[in-house]
Every structure is written in structure tokens, then in C-alpha cells.
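Please look over the sequence and the structure together before reading on. The paragraphs below begin with the ligand and then move to other parts of the chain.

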Amino acid sequence: MIFKRKHLLGLEDVAAEEIKLILDTAASFKEVLERPIPKVPTLRGKTIVNLFYESSTRTRISFELAEKRLSADTINFSTSTSSVKKGESLRDTAQNIEAMKVDMVVIRHAAAGAPHFLSHWIKGSVINAGDGMHEHPTQALLDMMTLREIYHELKGLRVAIVGDILHSRVARSNIFGLTTMGAEVAICGPAPLIPFDADKWPVKIFHNVDQAINWADVVMVLRIQLERQTANFFPSLREYHNYFGITRERLEKANKKITIMHPGPINRGVELDSDLADDPEFSVILNQVTNGVAVRMAILFLLSGEVEK
Ligand code: CP
């Protein structure tokens, strides 16, 4: 199969065979990353700008690493030291960057739809590294890669996404991607943190975390996004932990194999017990981070057009 897309803006319209191609390509790049010299000349001569309007550790570093592993030239753009501080618009910023002959732009922005907007104004490829509360497609792809490594098959796998679903672009991209691949998905959290139209989504809804754990093979724990809470969605963090926190006691009560995932950053002791996050019997959180580099290499390669040469 040839990957025909120019941009990766989300997973909502990405077909199962495209996701499979991305994950297979990422698995090949993971082998490259395990070599003594983890670098290939695939994107030599290409220039990629990482345009991060929101803070990031994992996504920004792994995109930069992926670009360097593919021998691309990379430029990191930070809003705090750019002319965005002087009021320059996203469109002007992007068009000025493109005037310098850039091939691809990776963008994270607080506004949902910013990558889509950008894709109308520049000729290069645009990759969504997280847009507001909308999508975070590369996170869902690295999550699917991690699950495929453990379970080999996503079809029929039961994944419960627990936490702040309302504000989560990770939840949305995973729901699109996992259901496209035939997995069963459930969401669980306090009622105010479940979107009002979630009953129309292709997911089960739990308001009791023990029931969600009993149902699931995988629990994807989401961060309580304190910076996006504009109302009192729950009384206190302690209360959230008591009712929805993923604890060793809860997993032991379920008495079955359960995989714990978290996109990071973790609020340790709030949505997830700290010792569980570090326990390799349950947690694959650092495997997710490792796979992030391989998945981003795969996306950059497939969008670059180099695949057809
Ligand atoms: N998972 C994730 O997007 O983490 P960062 O915000 O650190 O990039």
C-alpha cells in the first residue's frame, strides 16, 4: 500500500490499512533505533520546523529525535523567543517560515483546528502534535504500537480510558484509532468530565472505575488537566483519587492481567498510584515513550514522499 496523505491532522478519517502501514513502518524504524548507529539518510536534504505553541516534553523531544535519526535538518520554534510575543499571527508565522523553504511543519497549538488552518496556508506537510481538546494523532499511534507489541492484535482488545475525557485530545485520537482497528473502547470518569454527547460515540461509558477495570484488558489513565479546568468538575484531587484513581488495591481486586498506560505527564498519586506507574508488571508507560520516536519517524517518512522514490 502507498501512503497518499500529505498531512496528518487527526485519526478521525484514517483507515485501518493506513494505520497498519504506519505501525508496520514504525516497527521497522524501531529496529533502526536499536542499532549501534541509530541513524538513516532517509530524509537528508529535508527541512522540518517544530512549531510548539504549547509546552511539551515527550512529543517535542521525540519529534526532534525522529527528525535527527532520519537525517533531516530541524528547526525548533518556541513562542517565548519568537515574534509571536509581538503579536504575529499563526498564518504570518507559518508563511514566513515557509518562505525559507521548509518541507514539513510539526505543530502543537492550544486552539483546536490550528493544524488544519495551517495546512491551507503552506505548501509543505503539516503534522498535528496536539491541537487543543481536539486530537493528538501521533500519541494514539504510539499507544497502538505499544499495545500491538504486547497483544499482537488490536481487534477485540478492551481498552478503558479513565480520567478527564472532556479535555483530552489523547482520548479522542485513541477512540478513533482503536475503534477503526477493531478494539472495544470504554471511557470512565466523573460525569462532568465525560463530554455531553459521549453517548453518541462508539464507546461504553462507565462512571464506576472498578467496573471499568473488571471489563478492561488495558487501562489508559489520563492526566487531570489542571490547566484546562475552568469549572469545579470534582470537589478535590483527594476525592478524585478516592473515586477514580488507579491503585494497586483496585488492580489486585480485579485479579487478572491488566496493562496500564499513561500518555504523560503523570500527576503521581492523583490519577495513578506512583508505585504502579513504575511497576513493570503493569506499566508500559516508558515503552510508550520509546515507541514515540519510531512512530514519528514512520509518519515523517510516509508523509515525505520519499516512500515512492
Ligand atoms: N504525551 C504528551 O503529549 O506529552 P507532552 O505534553 O510532554 O508532549
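Predicted model: local features only at pLDDT ≥ 70, side-chain atom pairs only at ≥ 80, totals over all residues.

A polar contact is a pair of N or O atoms within 3.5 Å.

A polar backbone atom of Thr 57 is 2.8 Å from an oxygen atom of the ligand, while in His 136 it is the side chain that supplies the N or O atom, at 2.9 Å from an oxygen atom of the ligand. Thr 57, His 136 and Pro 263 belong to a set of residues around the ligand that also contains Ser 56, Arg 58, Thr 59, Arg 108, Gln 139 and Gly 264. Sorted by class, this shell consists of one nonpolar, six polar and two charged residues, and the space that the ligand takes up is the largest pocket.

Pro 265 itself is placed in the loop between strand 9 (259-261) and helix 10 (274-277). Another backbone feature is found at Ser 71, a residue other than glycine whose phi has a positive value, near 70 degrees; Ser 71 is in the loop that runs between helix 2 (58-69) and strand 2 (73-78).

The last topic is charge pairing. Side chains of opposite charge can pair when their charged atoms come close. The structure holds 14 salt bridges, and among them is the one in which the side chains of Arg 5 and Glu 18 meet, with an N to O distance of 2.6 Å. Because Arg 5 lies in the segment before helix 1 (16-33) whereas Glu 18 lies in helix 1, this pair ties together parts that are 13 residues apart in sequence.

Terms used:
Residues numbered from 1 in each chain as written. Heavy atoms only, no water. Near = heavy atom within 4 Å. Polar contact = N/O pair within 3.5 Å; in protein donor to acceptor, adjacent residues only side chain to side chain. 1 Å grid on protein atoms, 1.4 Å probe; cavity = no way out; pocket = protein on both sides within 12 Å on 5 of 7 lines; lining within 4 Å. Sits in = over half its atoms within 2 Å of the grid points. Nonpolar A, V, L, I, M, F, W, Y, C, P; charged D, E, K, R; others polar. Salt bridge = Lys/Arg side-chain N within 4 Å of Asp/Glu carboxyl O. Helix = DSSP H or I, 4+ residues; strand = E, 2+ residues; numbered from the N terminus.
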